[in-house]
Structures are given as C-alpha cells and as structure tokens.
Amino acid sequence: MPTVTLEDIREARQRIAPLIRATPLMQHPLLAAEMGCDVYVKHENHNPTGAFKVRGGLNLVGHLVYADEPKGVITASTGNHGQSIAYACARHGIPCTVAVPLGNNPEKNAAMRAFGATLLEHGRDFDEARAEVERVGALQGLRYVHSANEPHLIAGVGTYALEVFEALPDVDYFFVPVGGGSGACGVSLTRTGLGSKCKVIGVQAERADAFTRSWRGPVRVEGESADTFAEGLATRVTFDLPFEILKRELDDMVTLSEEELAEGVRQALRTTHNLAEAAGSASIVAAMKWRERLRGKKVVCVMSGGNIDAGKLRRVLG
C-alpha cells in the first residue's frame, strides 16, 4: 500500500501554489455564539471550482504531466472531484472524461463540461458510474483516476490542512466530511506529521454510512444504497488507501440525518453568509451536535464545497 507523508503534502503545495491561493480561515461571530466555542471555518468553497478537491486534481495531473503526459484521463464523480480533474486537465491540454450517475446534479454537470470534460452518464449512483469508468478506461487506454485511492490526490488536498495548522497550531478539534475520504486523510496525515494533538472528527450521512460502520466495526462493509441529498457523501463502499489511513488516524465519526444535513446548509447561510452544499456544511452541524464537549476548545470546520444546485437549495430553504 502506498503511503502519503508530510513531505508529500509540502511538495504538493509547491506544485499547486502558482495556480490557487490559500483559502480564508475565518471566524464568524454568529456561529461562535451558537456553538459556544472558539470556532473557525476553512472556506474551501472559495476555490476556483468551489470545492477543496481542486487541490488534489492539480497536484495529481501536474505530476502525471511531469512524469509522462497521458493520452487522456478518465474518472468518476458526482461533481467536485470531476470538476477538479477537468480543471487540471484543461490547464495542461489533456482530454478528460468524467462518468456521472444518471440524474446527477445538473449544475455540477454543466460546470464539468464548462471546464472541458466529456461526460458519460451511467448508473444509479456514484459507485455504479465508477465501475463503468474502470471498464471503459481499460478498453480505451486512458489513465483512470480514482477519486480517493490516489496518493497525489490525498497529498494535494492535504495542503488546506497545512494552511490551517500553520495558522492555528493549537487547534483542538478539526471536523471534516467523509465521502471517499481523501480530505479526512489529508487532515489526519498533516496533523500527525506536524505532531499536533488535534482530534480529527469525520462526518458522514446516516444514509451513506458504510465508512462509519466499517471504521467502528471489525470488518469493512458495503451499503445497499447511498440515498442522501449530500452527493459529496454519497458512496456505498470504502476505498483501500483512505480506509487504511483513516482506520489508523481518525479519532471519531459523526453521522447526520437528512434533516440535519439540510439544517447545515441553512446554518451556513445564517451564520457565515456563505452558500454551502450539504457535504460542505456537514462539519458545521456535526460540531453543533458536539457543542457541549467543545466548550472552551478551539475548533475548525472545513466548508468543503459550495456547489449546491438550485433545486436542492429551494427545497432546503422552503
């Protein structure tokens, strides 16, 4: 199993620094008043693609180009990962194909196409789209990019954690959403590499909790469905590399109901005046659930993305 080190994350920062800026790490008085602790939000929704994953895409594709320019890249995504790979491929003139599930977020689909990706629509959910990509990619000789089993993706997204820990070396708790797990891996590995005592807490949807059940139990399990409107959290399986890392590194998990995920979007608007998708605001509502044990602590919540579509936003606010 490949490893990801703090040095890999620092190298990734050097590679992507000319392409994206450090994102804001902000305090919001309304949020602090409701949570009752010293809370900061890492605004990864302010990235060029509106989500943290662009860091991993830029690092991975940049590494591919440096090593040996590929014929083309293919991947599967519900949106944010696909945008990151499409954005990075466009920077280097590499053809990019992204498989998305049928009925995927139409605005994320439009964004991926705008970044130059060709979309392949297949399957009822992310995992069925991913299985199709793995079949098609091998037939066409394309470089398949997994959404989480990629050391260069993990190192890339770990750069936002490096920004946080350098600004707040004494942070006590770090809440991060877990879909495939690359973001949580980046945070955990950076924390450990720097010798921080911070607790890293993962957040999942109750309706897509295969990782949580696998992490808590003796064996890895697969869910029958991932029926959550938080598409960034909607996966039925665990992936080898991030699971191996997080089984060792993660401190705890919080699961959220669909109503709690919707409330996270509303909380983000009300207390930070930022538009977040459900996965992007999940860390805020998870920390709110833990607020009694967070009294007197310094807390970071990552707003991992802001790409909610208009239909979901109307339902949440309605």
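Guide: Two strands count as paired if DSSP finds at least two bridges between them, and the strands (E, at least two residues) and helices (H or I, at least four) are themselves DSSP runs, numbered from the N terminus. What you see is a predicted model, in which local features need pLDDT of at least 70 and side-chain atom pairs count only at pLDDT 80 or more, while totals for chains, interfaces and linings use all residues. Residues are numbered from 1 along each chain as its sequence is written, and side-chain values use heavy atoms, with hydrogens and water left out.

Visitor: What makes β8 and β9 a pair?
Guide: Strand β8, residues 199-205, meets β9 over 5 bridges in the parallel sense; the requirement is at least two bridges, so β8 and β9 qualify as paired. Within this pairing, Ala205 has Leu256 of β9 as its bridge partner.

Visitor: Which strands make up the open sheet of 6, and in what order do they stand?
Guide: The order is β1-β2-β10-β7-β8-β9, and the pairing is mixed. At the edges are β1 (25-26) and β9 (252-256), each of which has a single partner strand, so one side of each is left without a neighbour in the sheet.

Visitor: How do you know which strands helix α7 lies across?
Guide: The test is contact, which means heavy atoms within 4.5 Å, and helix α7 (residues 151-167) lies across β1, β2 (38-43), β7 and β10 (298-303), running at about 165 degrees to β7. Helix α11 (residues 258-272) also packs on the sheet, where it touches β2, β8, β9 and β10 and makes about 95 degrees with the direction of β9. Such angles run from 0 to 180 degrees between N-to-C directions, with axes fitted to C-alpha atoms, for helices over the stretch in contact.

Visitor: What makes β3 and β6 a pair?
Guide: Strand β3 (residues 73-76) pairs with β6 in the parallel sense over 3 bridges, and Thr75 stands opposite Val145 in β6.

Visitor: Why is a space called a cavity rather than a pocket?
Guide: On a 1 Å grid over the protein atoms alone, a cavity is a set of points where a 1.4 Å probe fits but cannot get out, whereas a pocket is an open set with protein on both sides within 12 Å along at least five of seven lines; lining residues have an atom within 4 Å of a point. Of the 29 residues lining the largest cavity, Lys53, Gly179, Gly180, Gly232 and Leu233 are the closest to its centre.

Visitor: Which element gives the largest share of that lining?
Guide: Helix α8 does, with 3 residues.

Visitor: What is the volume of the largest pocket?
Guide: The largest pocket has about 320 Å³, a volume being the space filled by probe spheres set on the points, which are joined across faces, edges and corners. Among the 17 residues lining this pocket, Arg124, Ala226, Thr228, Glu231 and Ala234 are the closest to its centre.
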